[in-house]
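Please read them alongside the structure shown here.

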Amino acid sequence: MSETTRGRVFSGARPTGKQHLGNYLGAIRNYVALQDEYDCIYCIVDLHALTTIERPTDMWHDVRDMALDWLAAGMDPARTIIFVQSHVPQVTELYTLLGMVTPMGWLSRLPTFKEKVRQQPDNVNYGLLGYPVLMAADIVLYKADTVPVGDDQLPHLEFTREIVRRFNDRFGPVLIEPQAKLTDVPRVMGTDGANKMSKSLNNQIELAATPEETLKRVMGMVTDPARAYRTDPGHPEVCNVFALHGIYSPDRVAEIERECRVAGIGCVDCKRLFAANLNAALAPFRERRAELAANEDMVREVLADGAHRAEALAVETLREVKEAIGLVLPF
Ligand code: SF4
């Protein structure tokens, strides 16, 4: 990480294994682009994942797949700190300390907490309640001044800013109040055409899938329901395949739109074209991923090095925080 005046970005994502098109278009490609402008810290937040996991799980499998996808997509460990949340245990200490300045009422009133209680009524654990405090600890531990967010995530970041203000009011100006970097996060719909692309809904197209698997997934995509027969004119504005053609077939969009409206092109041919263009766009990513996957030690080394660099920042922040609070240091 350079000693320049560049801003410092932090962002985290749960270990969800192999990443899909929605992950890429909604987050990963932005993560990659931000490296040119900022010193970036990207974290796989495995502790957050524990708030919804009830049984032992092969977390490493998901962490490794996610890291492979990030690296293959262009995250550069020479410039960027890439690490796993639990590998820097100082985050849990800061989480505890920030918890002391966070009113219970703030947490229990959050719509996201209420939604989780509704989703998992049999597993309403303390971690769910404290989730926003751990998120705040993630960001401020590494002195990030910038957090990329879509506008729907602004309230989450505002919560972190409120905790920081409360801490600084009480103990002095130690923590950095992070700013939002508003990012256009496209809502990528799944193959069902009705829900956001999501692994849990099995409506995803994985970046690392084979061309054949990709074609199969694409051919199963739901299109304009008004096109029951090949001769029915279509409405591209309601079709998810068309939306993705906008990204992967920019030269053909006008033609597809025109032909769809007059039933000049059928959905089968339209999907085949999309699958071909998507596979062509993903080919370099897939090649690079296969090379990386052949050397799992390299992934471990990247994550270990990232944790080492992140920990150096974390230790410094925690020292300042404890001094401000008045906790006696053991040295
Ligand atoms: Fe969608 Fe293409 Fe079918 Fe039109 S022809 S409804 S854009 S898949």
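Is lysine 143 buried, partly exposed or exposed?

1. Lysine 143 is partly exposed, at a relative accessible area of 22%; buried means under 20%, exposed over 50% and partly exposed in between, with a 1.4 Å probe and protein chains only. Lysine 143 belongs to the loop that links α7 (126–141) and β4 (146–149). Its phi is near 55°, a positive value in a residue other than glycine.

2. On the basis of the numbers: this is a predicted model, in which local features need pLDDT of at least 70 and side-chain atom pairs count only at pLDDT 80 or more, while totals for chains, interfaces and linings use all residues. Residues are numbered from 1 along each chain as its sequence is written, and side-chain values use heavy atoms, with hydrogens and water left out.

3. Alanine 263 also has a positive phi, about 60°, although it is not a glycine. Alanine 263 lies in the loop between α11 (253–261) and α12, and with 14% relative accessibility it counts as buried. Helices (H or I, at least four residues) and strands (E, at least two) are DSSP runs, numbered from the N terminus.

4. The largest nonpolar core comprises 52 residues, and Leu21, Tyr42, Trp70 and Phe274 have the most contacts inside it. Such a core is a set of buried Ala, Val, Leu, Ile, Met, Phe, Trp, Tyr and Cys residues joined through side-chain atoms within 4.5 Å. Helix α3 (residues 59–73) provides the largest share of this core, nine residues. Because domain 1 (8–188 + 296–325) and domain 2 (211–290) both give residues to this core, it lies between them; the domain bounds come from an automatic or database domain assignment.

5. Isoleucine 82, in strand β3 (residues 81–84), is buried, with a relative accessible area of 2%. Isoleucine 82 and cysteine 40 are 42 residues apart in sequence, and their C-alpha atoms are 8.5 Å apart in space.
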